[in-house]
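Below is a short briefing on selected features of a structure.

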Amino acid sequence: MKKILLTCCLLAGVISYSQNPMQGGNVTGNAETNIQYLNTDTVIGAFAPEEKIVMNSYMNVNYSLGKFRAGVRFESYLPSTAGYPSFYTGSGIGYRYAQYAGDRVTVTAGNFYEQFGSGMILRAYEERALGLDNALDGASIKFRPVDGIEIKGLIGKQRVDFADGRLINSEGIVRGIDGSINLNELIPRLDTSDLRISIGGSLVSRYQSSTNDTIILPANVGSYGARIGIQYKNFYINGEYVIKDNDPNEHNGYIYNKGHGALINLGYSQKGLGILLTAKSIDNMSFRSDRTFEGNQAFINYLPATSNNHTYNLAGSLYPYATNLYGEVAYQLDVLYKIPKKSFIGGKYGTDLHLNLSVATDHVRHTSDLDFETNRISYVGKPFDMTDSLYNFDFNIHASRKLNKKWKASLHYFHFIYNNTVNKITDHEKFIKSEVVVGEVLYKINRKHSIRIEAQALFTEVDRGNWSTFLIEYTISPNWFFTIMDQYNYGNPDESLRLHYLLGSFGYTHNRSRFMFMYGKQRAGILCIGGVCRPVPATNGLTFTFTQSF
Amino acid sequence: MRTSFLILFSLTLFTFNFVSCDKVAYPYIIKTNLDTTLYPGNFRDYDFPTFESNPNTLRNALIEDYTGHRCTYCPNAAIVAHDIEEANPGRAFVASIHAGSSANGVTSFQEVLLPDYPTNFMNDQGLDMGATFFQEEVGFAANPMGNINRFKMDALATDNFFYTAGNWTRITDSVLTTTLDVNITAKSSYFEESHGMFLHTNIEFLNNLEGTYNVVVYAIENERYAPQLDNGEYIPAYKHHNIHIGNLYDETWGRLVSSGSTAAGTAIRNDFSYKLPETLSKENMHFLIMVINRETYEVIQVIKHEL
């Protein structure tokens, strides 16, 4: 009888617990729609598809109830917008998940994104502008047994395709485990120490069956790494080193070399000054969930770029540098300095200076004492073993100053040396040297109205010659903006291609809704985000973009 | 909590580490039909032999003596076969095949009969040959009978190549004088550790030939003492010679060498592996390597190979 009563009490408790939170369920999300009406313009190389109108559309819907969350993302590509990966077709659900997030444990089933360390060993992420989405589909557990320790474990297949509205996962299965320890959180007496230390380690493995009848392909390919972060007062250093075991794949020509990745950041920061030196060495670290894939698909890991992601279009989309997946040694220096306000040079409001220098070179491939015919190891690579074969050089300096309450101005200078033989993006052979100068002013007409003018010029003696860009933007806060931009390839060696690319746009924002229209010509270029790039074709037409969050 | 967590985590890491990666030291898949497990060590270190052209111009003879341990007149035929071998050293070789003239190659002459005849001399390939030759009516009517290179002597019978022992000597003499069409050279490696061997053959076509030709390898046990009925007398420790104990790769008719038109000068290599029976030493074995016409069964050339 007591047992029956106890069971009834427990059941009543469970029911009351499970019913109460139902009243507090919450739905959030966002939507984005891009529609293009495209015209054919053979002069600039723009071609309209047979459908004339193309669309990418997304909507994320998340539901949360207490510690439980679930969500889906609807996607439509009818068909996909110009330059977007052609394997995105149809409408359907591209992402769905359910998650319980407790105090110590978070468990996710379905799709999820994840990153171990810097991402060199595992990074499942979405970069929608690139058409890159390598979400994992499986299960993930995060466990924090005590403060200062976190363990992550996951197993899943990776999104590699979205065909006819159907999410298509990789053939390979990704398994990973990652642990990180924050010593200052773990050991109470270090909590107030100026010395902050964290360490971590990761193991990631891909399983893909093998059917090759010539070579033995490893079905299980492992990658492992360790990382450390140390901070002492204004100084900090963090580094990660990862190794990938033999991973013969389409991209590397089915060699059995080991791969490595090393990333070191050394920094100093104080008020008004920040210095960051980054050193990177990668070799044969392209790691995918399907060994047969190339391009931007099926990446398990992410190889970080060691150059600035430039926002001015002549600096950012003509000769942008992408991480060389075969391997490179790269260094970058970033110095941010604010000349104090009310000083002779700094002026009344101070002046922000930013200097950035990055260089990427090939790495040495040691080929002596190798027996390729036996083990298919084509060379041995060592960390930071650089050659004088330049891949990319990027020097840029920026100065921006608020002149008074109405005016703000900035000047920018870029110097690029781009190795177009290694990372070929145009027809020109070998190096492309270019310089870009940008001037920008912002004038606040009154509290709501402002006008921004941007003038850019790119100078190069090769490829398509000199370019200029002029942009004027009128903003009525917080709802409206109007922009006119003209890019002019005035230095093209072929006089018939000295074209203007005139583009007008305006946008309207209302609460959480944003509408934008663009009409005109856009030149072909390269879109790079974080060292990952995709070509963008020339277009001529109308683009409508709508975003909404809720 | 911390201790149990650390144990759990260490076990997870340990397990994961072992399943996470297949390290492949030798990526190339070896294209061979050899049983590489017989090779003691890394098979990639095995040196395949090379062959020079064989200057031989003589055709050899294979005496297939179809026999049985309960066949009372079979020892007489065995003596004839042995004499031919003795008379033609290095040119004539004997295979004593324990098979009879029936649909499955087994008659009471070959069957085990306890307690007097406990030894089973039969094997699948021998029985298959016996059954085939019986069914194809090539003259295999009883034991003892046999053939010399499955060679048809027109003067005796048009379609037959099985004869009683009384005919074997003159047929052998005739075969030994016919034109040689192919040469066989063989080299082998024996591995003490596995009691296995690799056999490599090089077959050279000396004349233009039409038809389908196979290479067949008999495993032969040199001698064994076992009961035999001999002219009505039970011999408990009869000395059996040249006992056919099977074909390599269990292939009754061997494997293809060439088909259609084959030009003179064509040389074809074949590799065989074989694990010797545990009860036999390599000294008590040899191999008969032959090229046969797959359509007529005729043995074009045969050589004896010892380890």
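P79(A) sits in the loop that links β3 (68–77) and β4 (90–101) of chain A. Helices (H or I, at least four residues) and strands (E, at least two) are DSSP runs, numbered from the N terminus. The model is predicted: local features need pLDDT of at least 70 and side-chain atom pairs count only at pLDDT 80 or more, while totals for chains, interfaces and linings use all residues. Residues are numbered from 1 along each chain as its sequence is written, and chains are lettered from A and ligands numbered from 1 in the order in which they are written.

**Backbone features of chain A**

- The peptide bond from L78(A) to P79(A) is cis, with omega near -25 degrees.
- Another cis peptide bond joins S477(A) to P478(A), and its omega is about -5 degrees. P478(A) belongs to the loop between β24 (467–476) and β25 (480–488) of chain A.
- F384(A), a residue other than glycine, has a positive phi, near 60 degrees. F384(A) is in the loop between α4 (372–375) and β20 (386–402) of chain A.
- F384(A) counts as partly exposed because it has 14 C-beta neighbours inside 10 Å. A residue is buried if 20 or more other C-beta atoms lie within 10 Å of its own, exposed if 12 or fewer, and partly exposed in between, with C-beta atoms placed from the backbone.
- K430(A), also a residue other than glycine, has a positive phi near 65 degrees. The loop between β21 (407–419) and β22 (431–444) of chain A holds K430(A), which has 10 C-beta neighbours inside 10 Å and so counts as exposed.

**Chain B overall**

- Chain B has four helices and 13 strands.
- Taken along the principal axes, the box filled by the C-alpha atoms of chain B is roughly 95 × 55 × 35 Å.
- Of the 307 residues in chain B, 39% are buried.
- Among contacts in chain B between residues at least 6 apart in sequence, 70% join residues at least 24 apart. Two residues are in contact if their C-beta atoms, placed from the backbone, lie within 7 Å.

**Helix α2(B) and its packing on α4(B)**

- The 14 residues of α2(B) should span 20 Å at 1.5 Å a residue, and the end C-alpha atoms are 20 Å apart, which agrees. The expected span is 1.5 Å times one less than the number of residues.
- Helix α2 (residues 74–87) and helix α4 (residues 168–175) of chain B pack at an angle of about 30 degrees, and their axes are 10 Å apart. Axes are lines fitted to C-alpha atoms, for helices over the stretch in contact, and angles run from 0 to 180 degrees between N-to-C directions.
- α2(B) and α4(B) are therefore roughly parallel to each other; the class covers angles under 35 degrees.
- The crossing of α2(B) with α4(B) is right-handed, meaning that the near helix is turned clockwise from the far one by less than a right angle.
- On the α2(B) side the contact is made by V80(B), A81(B) and I84(B), which meet W168(B), T169(B) and T172(B) in α4(B). These residues divide into four nonpolar, two polar and no charged. Ala, Val, Leu, Ile, Met, Phe, Trp, Tyr, Cys and Pro count as nonpolar, Asp, Glu, Lys and Arg as charged, and the others, Gly among them, as polar.
- Buried residues of α2(B) include C74(B), P75(B), A77(B), A78(B) and E85(B). The buried residues of this helix pack against β1 (61–67), β2 (92–98), β3 (145–148), α4, β7 (213–230) and β8 (233–247) of chain B.

**Helix α3(B)**

- Helix α3 (residues 124–135) of chain B has 12 residues and reaches 16 Å from its first C-alpha to its last, close to the 16 Å expected.
- Its buried residues, among them L127(B), M129(B), F133(B) and F134(B), pack against β1, β2 and β8 of chain B.

- A61(B) is in strand β1 of chain B and counts as buried, with 25 C-beta neighbours inside 10 Å. Its contacts beyond four places in sequence include N88(B), I148(B), T172(B) and V175(B).
- S188(B) lies in strand β4 (residues 182–191) of chain B and is partly exposed, with 18 other C-beta atoms within 10 Å. S188(B) and L199(B), 11 residues apart in sequence, are 4.3 Å apart in space, C-alpha to C-alpha.

Technical notes. Parallel < 35°, antiparallel > 145°, perpendicular 65-115°, else oblique.
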